[in-house]
Amino acid sequence: MIKKLLIANRGEIVPRIIRTCREMGVATVAVHSEADKNAPFLDLADETVLIGPANPALSYLSMEAIIQAARQTGADAVHPGYGFLSERGAFAQAVTDAGLVWVGPPPSVLKAISSKCYTRKLAVEAGAEVTPGTLEPVTSPEEVVAFGSEHGYPLFLKLDKGGGGKGIERVSEPGQAAEVFKRAGSIGQMAFGSPDCYIETVVERPRHIEVQFLADAAGNVVCLGERECSIQRRHQKIIEEALSPVVDPADRQRLYANTAAIVKKMGYVGAGTLEGLRSQDGKYYFMEVNARLQVEHPVSEFLTGVDIVRHQLEIAVGLELPWSQSDIKTQGHAIEARIYAEDPETFYPSPGVISKVVLPQTGDNLRVDHALADGCTVPPYYDPMLAKVIAYDQDRPKAIARLIEALKAFQVEGVKTTISVNLRILEHPSFLAGEMDTSFIAEHLGLT
Amino acid sequence: MEKSVNAIMPGLCARVVVNVGDKISAGQEVAVINCMKTEISVKSEFAGTVSQVLSKEWDELQVGNPMVMLEVEE
């Protein structure tokens, strides 16, 4: 087993990973930038290492600094968390080359799936449907126009190597094709080192449905239920729940079968998520793979009783999964609200110092994943997410009620938060009825 | 006289979108700050000619740090 794990991340995910490490007897190393030198997320780590200045390019994104920190502390494994370097094939490779255990999918898989066209083709070969569009990059504006005259407008040019909502360009009519094609290519070249883009058409008012899975090196794959994450703002998830109120058992069986087929074909090993869309007429489309531990993983942990981080660590050292799919039971309902340091009306960022924080009472059915303390700083350099509150109960209405109660008890002074936005969503009749799609916040709350 | 266009939020400089010698009008965007992954536009209060660019990508900024200097006609 791993003896000492370095966590190459910051914020709430650091204490989350440390909690499992302590249960498993694994020592921990947390790294931090100058801006985070007094941050509460460092408190539980056995050792901490300063890796660079506030600028994430020179700290949390610096492969050299992180590997140096691992060498210096004698860590034998690296967990990348989410965001930052978590899905960089080059980092996974560098960690492996340094003789360390990489807690994530193999470097070769990460490199291959950084191409969206590769992943889309592979999903189709595995028998899944992908969002309608091309499977190969388009090579000229004429191809875009030809596609448009066959399938209609609007359509989107998406960068093959894009991500994080960047590099999605809309083409509303044939006259725009040449200009948009050129612009997308130059953005791709500058931001991602490749001008390649492909076409996707619009799925109107979709619901976001994703499947959490674990895959071991022996080829075993289990799915830990789907999550519904339709409540989003600018592609940023706000509320996530499992199971989805709209997915029926037959759909779920197909989603699981597709997930296992895609994951095996990829040669994926580790924890991951297949993200997809459900159209209004009930069709499911594979979108992309998130090759990491996801922010919303606690929802699936509550639903199944599985500690995903523990199995990431076990899979990373070659252990086989202890179950088959039929051993995984999904019981009750779990729901998570993300709290951001943002103005609840404008979503304008709100960095600063938290003078006082009051957390809800946690227990078997309520979890708060955070790294907050009275007097802590919320730096302006990183992601605005402050905390996640996750509630579990025997059914959806009870789980929602429990989450509402917890959010009402959660107090943060000194920076603005989106707690009131969460409450407006959770108390909305449409949400309570399970009726939602990705336009919910704009449509029902009038927020953009 | 010379006037500065200052950071309106803390964060990292995402980019400066003007060059020395550019003539700009009041209200024109001169730079973009990345604050908690949100891009915040920094606009000039004055019309003038850019005399110095003080910020570059990834610079750490506090509120009030000068990013661009302008030669403003009186």
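Predicted model: local features only at pLDDT ≥ 70, side-chain atom pairs only at ≥ 80, totals over all residues.
**View 1. Chain B meets chain A.**
The contact draws 14 residues from chain B and 17 residues from chain A. About 1300 Å² of area is buried between the two chains, and carbon and sulfur atoms give 68% of that area. Three residues stand out on the chain B side: Met36(B), Trp58(B) and Glu60(B) supply 49% of the area that chain B buries here, more than any other three residues.

How many salt bridges cross between chain B and chain A? The rule finds one. Lys37(B) forms a salt bridge with Asp383(A), and their closest N and O atoms are 3.0 Å apart. Four residue pairs are in polar contact across the interface. Strands β2 (11-16), β4 (29-35) and β5 (38-43) of chain B each supply at least two residues to the side that touches chain A. By class, that side of chain B has eight nonpolar, four polar and two charged residues.

Pro56(A) sits in the loop between β3 (47-52) and α2 (63-73) of chain A. Is Pro56(A) buried or exposed? Pro56(A) is buried, with a relative accessible area of 7%. Not counting residues up to four places away in sequence, Pro56(A) touches Leu61(A), Ser62(A), Phe84(A), Tyr381(A) and Tyr382(A) in chain A, and Leu12(B) and Trp58(B) in chain B. Trp58(B) is also one of the three residues that together supply 49% of the area chain B buries against chain A. Asp374(A) is 318 residues from Pro56(A) along the chain, and their C-alpha atoms are separated by 25 Å.

Helix α12 spans residues 419-426 of chain A. The helix is mostly covered, with six of its eight residues buried. The buried residues are Ile419(A), Val421(A), Asn422(A), Leu423(A), Ile425(A) and Leu426(A). What do they pack against? Their partners in chain A are the strands β10 (221-233), β11 (236-242) and β14 (333-340), and the helices α11 (396-409), α13 (429-432) and α14 (440-445).

**View 2. Asp393(A) in strand β19.**
Asp393(A) belongs to strand β19 (residues 385-393) of chain A. Asp393(A) is buried, at a relative accessible area of 12%. The side chain of Asp393(A) makes a polar contact with the side chain of Arg402(A), at 3.0 Å. Neighbours within four places in sequence aside, Asp393(A) is in contact with Gly332(A), His333(A), Lys398(A), Ala399(A) and Arg402(A).

**View 3. Arg292(A) in a loop.**
Arg292(A) lies in the loop between β13 (284-290) and α9 (297-304) of chain A. The side chains of Arg292(A) and Glu87(A) make a polar contact at 2.4 Å. Beyond four places in sequence, Arg292(A) is in contact with residues including Gly81(A), Tyr82(A), Tyr268(A) and Gly272(A). Thr273(A) is 19 residues away along the chain, with its C-alpha atom separated from that of Arg292(A) by 7.6 Å.

**View 4. Salt bridges between distant parts of chain A.**
A search of the whole structure finds 38 salt bridges over all chains. In one of them, Asp36(A) pairs with Arg10(A), the closest N and O atoms being 2.6 Å apart. This pair links two loops, with partners 26 residues apart. Asp36(A) is buried at 1% relative accessibility, and Arg10(A) is buried at 15%. Glu443(A) and Arg205(A) meet in a salt bridge at 3.0 Å. Glu443(A) is in helix α14 and Arg205(A) in the loop between β8 (197-201) and β9 (207-215), 238 residues apart. Glu443(A) is partly exposed at 43%, and Arg205(A) is partly exposed at 39%.

Glu301(A) forms a salt bridge with Arg367(A), with the closest N and O atoms 2.7 Å apart. Glu301(A) lies in helix α9 and Arg367(A) in strand β17 (residues 366-370), so the pair ties together parts 66 residues apart in sequence. Both residues, Glu301(A) and Arg367(A), are buried. Elsewhere, salt bridges that share partners join Glu210(A), Arg227(A), Lys237(A), Glu240(A), Glu275(A), Glu296(A) and Arg338(A) into one network.

**View 5. Cysteines without disulfides.**
The search finds zero disulfides over all chains. Cys229(A) is buried, with a relative accessible area of 0%. In chain B, the sulfur of Cys35(B) is 13 Å from its closest cysteine sulfur, in Cys13(B), also too far for a bond. Cys35(B) is buried at 0% relative accessibility.

Note on methods
Residues numbered from 1 in each chain as written. Chains lettered and ligands numbered in written order. Heavy atoms only, no water. Buried < 20%, exposed > 50% of the residue type's maximum accessible area, 1.4 Å probe, protein only. Helix = DSSP H or I, 4+ residues; strand = E, 2+ residues; numbered from the N terminus. Contact = heavy atoms within 4.5 Å. Buried area = accessible area lost by both parts, 1.4 Å probe. Salt bridge = Lys/Arg side-chain N within 4 Å of Asp/Glu carboxyl O. Polar contact = N/O pair within 3.5 Å; in protein donor to acceptor, adjacent residues only side chain to side chain. Nonpolar A, V, L, I, M, F, W, Y, C, P; charged D, E, K, R; others polar. Disulfide = S-S within 2.5 Å.
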